[in-house]
Protein chains: 2
Amino acid sequence: MSIVVVGSVALDSVETPFGRVENALGGSATYFSVAASFFTMGIKLVGIVGDDFPQEHVDFLHSRGVDLTGLECAIGKTFYWRGRYGDNLNVAETLSTELNVFEEFVPKLPESYRNAKHVFLANINPELQMDVLRQMEDVELVVCDTMNLWISERRAELLETIKHVDIFVLNDAEARQLMGEFNLNKAAKRILDYGPSRVIIKKGEHGSVTSTRTSYFSSPAYPLENIVDPTGAGDTFAGGFLGYLASTGDLSESNVRKAIVYGTVLASFNVEDFSLNRQRSLTRAEIEARFDEMRAITEF
Amino acid sequence: MSIVVVGSVALDSVETPFGRVENALGGSATYFSVAASFFTMGIKLVGIVGDDFPQEHVDFLHSRGVDLTGLECAIGKTFYWRGRYGDNLNVAETLSTELNVFEEFVPKLPESYRNAKHVFLANINPELQMDVLRQMEDVELVVCDTMNLWISERRAELLETIKHVDIFVLNDAEARQLMGEFNLNKAAKRILDYGPSRVIIKKGEHGSVTSTRTSYFSSPAYPLENIVDPTGAGDTFAGGFLGYLASTGDLSESNVRKAIVYGTVLASFNVEDFSLNRQRSLTRAEIEARFDEMRAITEF
């Protein structure tokens, strides 16, 4: 079952207490696509890069089976983010953001993308997220992320967009900011009043909680002792989550819970190395082993 | 199976966004004892109060079956804590601490306490915690808590005490502070090197994680929308935990996990009202219902 993903494809320079990388592959659509590719074919990426974007990254995405028909290559430089993490790896400090060709990005879906059944709207401007939805003809499941910038600068547009969203994925700070409510369980309930049938609140090292009007599920993070770079963990989570859901076509509560655990497992691998380096050697057997461990560490 | 608990018995004035109380019943030994009393008889409290301590509180503890032979009544005022919580109910701001009669407290176990099989050393000076252990003749399970004050001012003594502890219970900030290590999983492993066979790290709204050398268990908090006063949650957790363990006499991994979930459930009730007010009407049936819910919100 195919998945359209719209978001950034970027070059990142990241520094953490455990090392640094310069101009490494990054971007929300990239992390999502690669994670989803462990579960399903038919991942159709919509994004933009500049003419400096290395061919090796294109080749890597092709090797993961990602359809790049919708990846526009424009004259100019690729979206660039430079950030740093301290000992508290939960919070990134942005040192510079150069939108470059991403600044004028208007997502345009190729004809071959329009009948996809699933879509992931990564954390772009909510007006562009709506543009993407309007171009889809037969979508059955809309999953959407956001970020603090849009909550502060495009709150009304974001609240309009999530009326059309089935599953809204955001982190704890964003949920609190969006609803002006410190209690996450209250914030989740209030988000559901705006339209989504499910909200997933990501809490970094503390895992995630997901609520519908009638259910609640709490998943821990996979316990790691060595986290090298948390960049992309949220989009990797979303990719593992929606990749598994799309591969099974089963939206039951129990299968959604499994999908959340698969997303959690994919995110745990992602943070073990910079950029998407860990994913280059990751196997399905390693994923299944951690999935089983997740059950072992939560059962009582 | 009897449990000795040594800690504070206090009068607390607490202000939260949801109200306030003045001179309400509090103290680590109090919260622990009342929580444990839902699972087992034979809770033997060691502590000190002043001559201002209201008889109604003594009567309440007696009504819960708590043995107060070891509660010393001294001339002077009872330990008094005044604190405030903001919207972030995870962090208390201490406005004043008056040790009063607690300042000269030297725990002395009555003869009838000395052969108890279980002991909970609440967050008192680690040298006093050792004094208590020396007075016990036949103890089989030592559970110990601490606090930031002792980590900064009595670190060596604390590390000496935990050599003699089976299960060390502390919160995430304390674990990080004690080991100088931000990663909680690493901090937990390092704590185990000092002697305890198990460490339980409490994370407030994010639940708890527990590690031994060979096992790991993550429990969420019970999801609440209305938290009135978090005071005493940690000691209530410990009371539910050890009360259940003592009542079953089963230290298997699976039973320890159940005990952690019972502790979590007890703590969830505690924070729904000021002081120990919620516990006054709490029933075992309510506890069991939440225990079952904990399973329903974690299973996948």
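Student: Which residue forms a salt bridge with R198(B), and how far apart are the closest N and O atoms?

Tutor: Side chains of opposite charge can pair when their charged atoms come close. In this predicted model, R198(B) pairs with E253(B), and the closest N and O atoms are 2.6 Å apart. R198(B) sits in strand β11 (residues 198–202) of chain B and E253(B) in helix α9 of chain B, so the pair ties together parts that are 55 residues apart in sequence. Helices (H or I, at least four residues) and strands (E, at least two) are DSSP runs, numbered from the N terminus.

Student: Before we go on, how should I read the labels and the cut-offs for the model?

Tutor: Residues are numbered from 1 along each chain as its sequence is written, and chains are lettered from A and ligands numbered from 1 in the order in which they are written. Because this is a predicted model, local features need pLDDT of at least 70 and side-chain atom pairs count only at pLDDT 80 or more, though totals for chains, interfaces and linings use all residues; side-chain values use heavy atoms, with hydrogens and water left out.

Student: What is the mean pLDDT of chain A?

Tutor: It's 97, and 100% of the residues of chain A reach 70 or more; pLDDT is the predictor's confidence in each residue, from 0 to 100. The model as a whole scores ipTM 0.94 and pTM 0.96.

Student: How far apart in helix α11 of chain B are R284(B) and E288(B)?

Tutor: They're four residues apart, so about one helical turn separates them. Their side chains meet in a salt bridge (2.9 Å, N to O). Both ends are partly exposed: R284(B) at 38% and E288(B) at 25%. Elsewhere, E15(A), R20(A), E22(A) and R82(A) are joined into one network by salt bridges that share partners.

Student: Where does E15(A) stand opposite R20(A)?

Tutor: R20(A) is in β3(A). Six bridges join β2 (residues 10–16) to β3 (residues 19–26) of chain A, and these strands run antiparallel. Two strands pair if DSSP finds at least two bridges between them. β2(A) and β3(A) form a hairpin, with two residues between them. In chain B, six bridges also join antiparallel strands β2 (residues 10–16) and β3 (residues 19–26), and A10(B) stands opposite G26(B).

Student: How many residues of chain B are in contact with chain A?

Tutor: 32 residues of chain B touch 32 residues of chain A, where contact means heavy atoms within 4.5 Å. The two chains bury about 3,000 Å² between them, 53% of it on carbon and sulfur atoms; buried area is the accessible area (1.4 Å probe) that two parts lose on being put together, summed over both. Chain B and chain A share four salt bridges, among them K189(B) with E225(A), at 2.5 Å between the closest N and O atoms. On the side of chain B that touches chain A, α7 (184–192), β13 (216–219), α9 (253–270) and α11 (284–296) of chain B each supply at least two residues.

Student: Which residue in the loop between α9 (253–270) and α10 (284–296) of chain A has a positive phi although it is not a glycine?

Tutor: Most residues other than glycine have a negative phi. S275(A), in that loop, has a positive phi of about 50 degrees, and S275(A) is buried, at 5%. N100(A) also has a positive phi of about 50 degrees, but N100(A) is partly exposed, at 26%.

Definitions and conventions: Buried means under 20% relative accessible area, exposed over 50%, partly exposed in between (1.4 Å probe, protein chains only).
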